[in-house]
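Here's a quick tour for someone meeting this structure for the first time. Take a look, and then we'll walk through some of its charged pairs and helices.

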Amino acid sequence: MKKLAILLSLVVLTTACSYAADTKTTPKKQRPVITQEQMQKMKAEREAAFEQKLNLTDEQKAKAKEFRTQAHEKLAPIMKQIKENRQEAFAIKKARGDVKTQEEKLTKLDNEFKELQKEMHKIRQQNMKDFESILTADQKKILKNMKKEGRNRYRKAHPPIKRPVQQTK
């Protein structure tokens with residue numbers, strides 16, 4: 001009986017080992033490290049391509065830059081608050097304590113986060129309206145097509161997640 005148990009355990013062990021060896025683990029692709037200079041260069045290239053595609057005048061470029069600067073100034077304190085909220089949420093999750101109290105604090109922070117996101121969205125929408133106000137009718141059509149292409153690229157790169165339907169009992 002002992003021999004049979006030992007033999008059976010050896011068979012199970014070798015099967016498990018061979019299965020583990022067969023499963024291919026593909027390493028995650030690591031993103032290349034991008035320096036600040038490279039990031040600024042890429043941003044400048046994107047901006048230049050955008051301006052060229054819309055065929056913006058120097059006056060329009062100056063106005064657009066002014067709008068962007070104003071938006072950045074408005075967004076900076078909101079981004080700072082979001083960063084602080086995330087750090088606080090991380091500290092709450094890391095701290096040991098009453099689960100109910102933690103959930104209450106996290107819910108409060110989550111609500112604040114949602115409000116800050118709404119505020120950021122309003123600022124961005126206003127910035128876009130301001131930018132569109134300096135464009136000609138032809139430029140607006142081109143921008144509309146660029147937005148449509150961008151949304152299509154996004155949808156292609158980020159397909160919707162199919163979640164199983166929950167059945168009600």
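Let's start with Glu149, which is partly exposed at a relative accessible area of 40% (buried means under 20%, exposed over 50%, and partly exposed in between, with a 1.4 Å probe and protein chains only). This is a predicted model, where local features need pLDDT of at least 70, side-chain atom pairs count only at pLDDT 80 or more, and totals for chains, interfaces and linings use all residues. Residues are numbered from 1 along each chain as its sequence is written, and side-chain values use heavy atoms, leaving out hydrogens and water.

The structure holds five salt bridges (a side-chain nitrogen of Lys or Arg within 4 Å of a carboxyl oxygen of Asp or Glu). Among them are these:

| Pair | N to O distance |
|---|---|
| Lys53 and Glu149 | 4.0 Å |
| Arg68 and Glu47 | 3.5 Å |
| Glu115 and Lys118 | 3.8 Å |

Lys53 sits in helix α2 and Glu149 in helix α5 (residues 137-157), so their pair ties together parts 96 residues apart in sequence. Helices here are DSSP runs (H or I, at least four residues), numbered from the N terminus. Glu115 and Lys118 both belong to helix α4, three residues apart, about one turn of the helix.

What about Arg68 and Glu47? Arg68 is partly exposed at 27% relative accessible area, and Glu47 is partly exposed at 27% relative accessibility.

How values were computed:
Helices (H or I, at least four residues) and strands (E, at least two) are DSSP runs, numbered from the N terminus.
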